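Dear colleague,

Please find the structure below, with its sequence.

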Amino acid sequence: MARSDEKAHIEHLIAEMTLEEKVGQLTMLSGELVQTGPAAAPVTSEAIREGRVGSLLNLWGAERVREVQRHAVEGSRLKIPLFFCLDVLYGLRTFFPIPFGESCAFDVELWERTARVAAQECAVEGIDLNFSPMIDVARDPRWGRTVEGPGEDAFLAARFAEAKVRGFQISDLAADGVVAATAKHLAAYGAVQAGREYAPVDMSERQLHEVYLPPFRAAVRAGVAAIMPAFTDFNGIPMTANAAILRDVVRREWGFSGVMISDYSAIAELITHGVAEDKAQAAALALDAGVDIDMMGHDTYFEGLPRALDRGLVKLETIDAAVRRVLQLKGKLGLFEDPYRRCGSPSAIAATAAQGKRRDLAREAACRSFVLLKNERDALPLSDGQGAIAVMGPLVDAKGDARVAVEMTETLAKPVAVLEGLRSALPNARIAFTPGCTVERIEAAERSRARELARESDLVVLCLGETMAMSGEAGSRGHPGLPPAQCELARTVLAQRKPVVILLFSGRPLVLPEWLVEKADALVAAWFPGSEAGRAIGDVLTGRFNPTGRLSMSWPVDVGQIPIFFGARPTGRPAAASDHYTSKYLDMPNEPRFAFGHGLSYSRFELSGLRLDRTELRSGQTVAISVDVANHGPLAGEETVLLFIRDQVSSVTRPLLELKGFQKISLAPAQGGTIRFIISAEDLTFLDPDLAPQLEAGGFDILVGQSADRNKMLSTQIELIA
Ligand code: BGC
């Protein structure tokens, strides 16, 4: 259908629709193959034929979708197709590392490639819209949903958002292998009080605009089709009803014309929040704020909007505008032309060669997500002549299990766990393991088996951390560290005085005991690596892949430091050990255990020769920032270099460090090269006291380093001339 015909078709439909059919289009129900919120009855074929629903979530598979779609396009009065949605955050059939892990790759191209593959897998399974990417900045590791997002920094999160939107959508939503993306959850969900899931958020408008909104703005600029407001209350107004942000900022100021989909039952929850007394009021608040679709809202839109209309709480034209946006999305997705277009034959996806390529990408992505936190006494890389290796700990089996995996076991190529991966990476090593323990319970007998095995071995690989169920939605933990049973196991093993490599699986930074960090010879943050977990771990532990991942979030020394992040603003009394009245703790350091950007390699890289191609910068101009990188290590490797600025004097205090760029360079042993960043004067803009973007003349430090540890950076200065 030509675009002009489609427009006319949509207007014709709106003119034809009854009020019930209109609110039906604004209603999203569950097809219930998986449960991602409070249980509810799945949709019925009658509801579809009667036009009481416009889209479904949690139902996929070409045949199933075809069958359900047929009720809409053949059985309903206006024959409007449904669209189908699912949360696909790290792949549907091929599992990539969890997004938090993937963000540690600092690799825009990789982020886009994995999204592309996920979209291709979705687009033959009947999925039209993906509830991803999740781009909430997270600065509190207690919050379980840290696992879904790109970490603590707005700049990094914005690049992640753009890459994911490009990967899922390319540029035409109706093209083959494309699905619509959803930027979620707007905004500041990651700042829930005390890291407790669904708790209120109270923060300054400045912080919202400087830190939490920029990734969403980047997603909108990249053309994201949908936005999901957060469940949470923001400064007293739940985001689902927050007209000042959703309507005034996102729709009017940013020009977002796509669809806003509420989170699961979030419109009904406006009643529980205490800002609406009934469904009519809740529906009116959300619709007026700009929310088009009510996901699993116990019919809040379906029943509430007609009542709200009667009571004069909403206007029919506001309902029509929301219906128009929903129908436009269906048009863009190509569903009016072919409602079954994503119920393809999965043959291309299932083809062995294609599957092999996707698995290769999953393996590469996993390797790139790992962060080598510590490596002493040449513990890593392991060599094949290593002798006897003991593999133990509750997560010997960790791969990146996912809830969809359970439903898709028949179609999913088998994931590879750590033990299997190590065995094939080190065919000549004698690898033994102790099975049996769980993350939170390790019996004395299991510990003594571990002790014996450690004694008999030349090296131990200890797999510790969380299961996936310990992070994610509703996965807040007051103590985001290792459960006591694992600490006891680690103590036992470390006491045997054998080299110990600890693999840490988690969906968040872990708060680790000091003794464990000190005594372990090597520590690797492996997150949840996905389908190729074991092989990727084999690659990295043996040096077949030289680690390159960097932390996208600071690892605290203690829960007491949370929130801890590199972009803090200055204090008038910076910490000084010699002065009591300064900003510090009496019982712990201010610095994190591992800084943002930290990550080692088997190579030894050195930065030098930081230089600028100009010393003064005017609006409209750019500056080239160059730095030389040399590989002094024995292995070829890839170095990631981070660029920060610090505004020296400004009308508003600025963060001590602001990330402005990151780049990679691959170098053979003894090879050198140069990295060049280009930034513009406009990149030095900040929000003035009235939150208006401002370029203020003055000096800026330009800092380049391997992490956000300021003591290890090279620095120079530039003068911004007004
Ligand atoms: C989550 C969303 C998700 C939705 C649908 C909610 O509970 O907060 O992120 O997209 O469920 O599964």
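The notes below concern the ligand site, a pocket, the cavities and some features of the backbone. Please bear in mind that this is a predicted model.

Ligand site

For R145 the distance is 2.7 Å, for H185 it is 2.7 Å, and for D263 it is 2.6 Å. The ligand taken alone exposes 310 Å², and the protein buries 99% of that area.

Second largest pocket

The second largest pocket has a volume of about 1300 Å³. Its lining is made up of 44 residues, and those nearest the centre are H209, E210, P214, K660 and T685. Several elements give two or more residues to this lining: the helices α7 (154–169), α8 (205–212), α9 (214–221) and α10 (243–253), together with the strands β21 (658–667), β22 (672–680) and β23 (686–687). With regard to domains, at least three lining residues come from domain 1 (3–35 + 42–347), and at least three come from domain 3 (605–721). By class, the lining of the second largest pocket holds 23 nonpolar, 7 polar and 14 charged residues.

Cavities

Rolling a probe the size of a water molecule over the atoms shows where empty space is left. In this model the count comes to 5 cavities of 30 Å³ or more. The largest cavity has a volume of about 110 Å³. It is lined by 13 residues, of which Q25, I48, G51, S76 and I80 lie nearest its centre. The lining of the largest cavity comprises 7 nonpolar, 3 polar and 3 charged residues.

Backbone features

Most peptide bonds are trans, and most residues other than glycine have a negative phi.

- The peptide bond from S132 to P133 is cis, with omega near 10 degrees. P133 belongs to the loop between β4 (129–130) and α7.
- L380 and P381 are also joined by a cis peptide bond, and omega there is about -5 degrees. P381 sits in the loop that runs between β11 (371–375) and β12 (388–392).
- A188, a residue other than glycine, has a positive phi, near 75 degrees. A188 lies in the loop between β5 (180–186) and α8, and α8 is one of the elements that give two or more residues to the lining of the second largest pocket.

With kind regards

Terms used. Residues numbered from 1 in each chain as written. Predicted model: local features only at pLDDT ≥ 70, side-chain atom pairs only at ≥ 80, totals over all residues. Heavy atoms only, no water. Polar contact = N/O pair within 3.5 Å; in protein donor to acceptor, adjacent residues only side chain to side chain. Areas by Shrake-Rupley, 256 points an atom, 1.4 Å probe, with all protein chains shown as cover. 1 Å grid on protein atoms, 1.4 Å probe; cavity = no way out; pocket = protein on both sides within 12 Å on 5 of 7 lines; lining within 4 Å. Points joined across faces, edges and corners; volume = space filled by probe spheres on them. Helix = DSSP H or I, 4+ residues; strand = E, 2+ residues; numbered from the N terminus. Nonpolar A, V, L, I, M, F, W, Y, C, P; charged D, E, K, R; others polar. Domains from an automatic or database assignment.
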